Amino acid sequence: MFGPSVPRLIAIALGFSCSLPAPATAPTARSAATSTKARQVAAAIRDRAAGRIKRFYASRGFWPLWASSGTIGPEADLLLEYLETADRDGLKPSSYDAAGLRTLIEKARGGDPQAGARAELALSEAFARYVADVRRVRRVKITYLDDELKPRTLAADTVLRAAGLQSSLKAYVGTMGWMSPHYLRFRNLLARAMATGNSAEAIRRIRLNLDRARLLPGPWTRHVVVDAASARLWYYEKGKPQGMMRVVVGTAETPTPMLAGMVRYAVLNPYWNVPVDLARKRIAPKILAGASPASMRIEALSDWSASAHRLDPAEVDWDAVASGRRAVRLRQLPGGNNAMGHMKFIFPNDLGIYLHDTPDRRLLTKTDRHFSNGCIRLENAPALGRWLFGRPMVAASRKPEQAAALPAPVPVYLTYFTATPTERGVGFFNDVYGRDH
């Protein structure tokens, strides 16, 4: 039901929505309004294009991408700026011959259709190669829970088709729309650090953040990003962020991992399955001190299977649990004080990590929000639920563990961004998990 498809793989890889509409004036509908120059450039492209580049142009009637109005547009100058500063991406500017490309553009702007076609094709080749190079994964280690999220080598026609779908190529290039907004933020931060003489500990750390951001899709892909360093969450769709919230993430001892997976369903009125170490450290000592499991809305179960039965609390050796000599499965019943709150969002994984509501609002007001056992506690779970499902998420009854499948799975990326801009230039969040070393 949720298997990957080729269009979806392309969309996730490049960061645009499969449902993104084509420009209002598609090449096949432009004939009456197009300029003679543009048609002449298109004819020259038909004669000159080859390989995957030709496949892209053939799909649009050989209509130019960079010279759609008959002359090379300003988006070409924006691309040149990226190529000339490709060292910020960990690439070699000399690989793209920006100077030669600039010469071709200048000649094309003289009005010769053949020169326009040469510049057009050279721009497309350089752009396709640059996008593929920028998106290539480097030294960051992340766990991919779903194969469709794993990075893939991008073919030239795939890159160009994504650009051709944009209503504004200038905006797409200017905002580096094939990359996460976080990537562009760190790229600009790196430029600031290099210009203001920051130390080589500092530039190296920014590059680490840049490489982490490289793994994320662009904002046209509907997805969620959780940054465990700043303890914040964003969700993106239709080319821009749709919301942001604070979260509580793992402690230094129980860090939130770096992983990517597909949110596939939500659970309303969830149980909280108490981790064994918390059962030992927190629950058992309270019971030994006189508290009853019922007062904490805690149930003891016979085992961890789906067919487990409830135990009488008197059957449990709480001394053995508190000392670590016996492990017992405990769960907290749904309700206002349940540690999961009213809902949780599941991207299946063996680590037991998910996004969930929380009744403890106090921790969300703190500057440092590293308090969980690795899961992500949400400041506004209902808002995320409305965005994910397109409707308010309300349980139909008080029945525990009501599962609701998403209409389509949504990628979630758990990452770690320590670099941040400051008034003086560049700053860093506390490297709680020691991943910058």
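## Exercises: a pocket and a strand

Helix α11 gives the largest pocket the biggest share of its lining, six residues. Keep in mind that you're working with a predicted model.

**Exercise 1.** Work out which elements line the largest pocket, which residues lie closest to its centre, and how the lining divides by residue class.

*Solution.* 
- Step 1: start with the space itself, which comes to about 1,200 Å³ in the largest pocket.
- Step 2: go to the centre. The lining has 43 residues, and Trp272, Pro275, Leu278, Ala339 and Met340 are the closest to that point.
- Step 3: list the elements. At least two lining residues come from each of β5, β6 (272–274), α11 (276–288), β9 (329–332), β10 (343–346) and β12 (370–372).
- Step 4: sort the lining by class. You get 22 nonpolar residues, eleven polar and ten charged.

**Exercise 2.** Find the sense in which β2 and β5 each pair with β14, plus a residue pair for each.

*Solution.* 
- Step 1: take strand β2 (residues 223–227). Four bridges join it to β14, in the parallel sense.
- Step 2: pick a pair there. Valine 225 has tyrosine 413 of β14 as its bridge partner.
- Step 3: now strand β5 (residues 259–268). Its pairing with β14 is antiparallel and runs over nine bridges.
- Step 4: for a pair here, look at glycine 261, which sits opposite valine 412 in β14.

Methods. Residues are numbered from 1 along each chain as its sequence is written. This is a predicted model: local features need pLDDT of at least 70, side-chain atom pairs count only at pLDDT 80 or more; totals for chains, interfaces and linings use all residues. Side-chain values use heavy atoms; hydrogens and water are left out. Two strands pair if DSSP finds at least two bridges between them. On a 1 Å grid over the protein atoms alone, a cavity is a set of points where a 1.4 Å probe fits but cannot get out, and a pocket is an open set with protein on both sides within 12 Å along at least five of seven lines; lining residues have an atom within 4 Å of a point. Grid points are joined across faces, edges and corners, and a volume is the space filled by probe spheres set on the points. Ala, Val, Leu, Ile, Met, Phe, Trp, Tyr, Cys and Pro count as nonpolar, Asp, Glu, Lys and Arg as charged, and the others, Gly among them, as polar.
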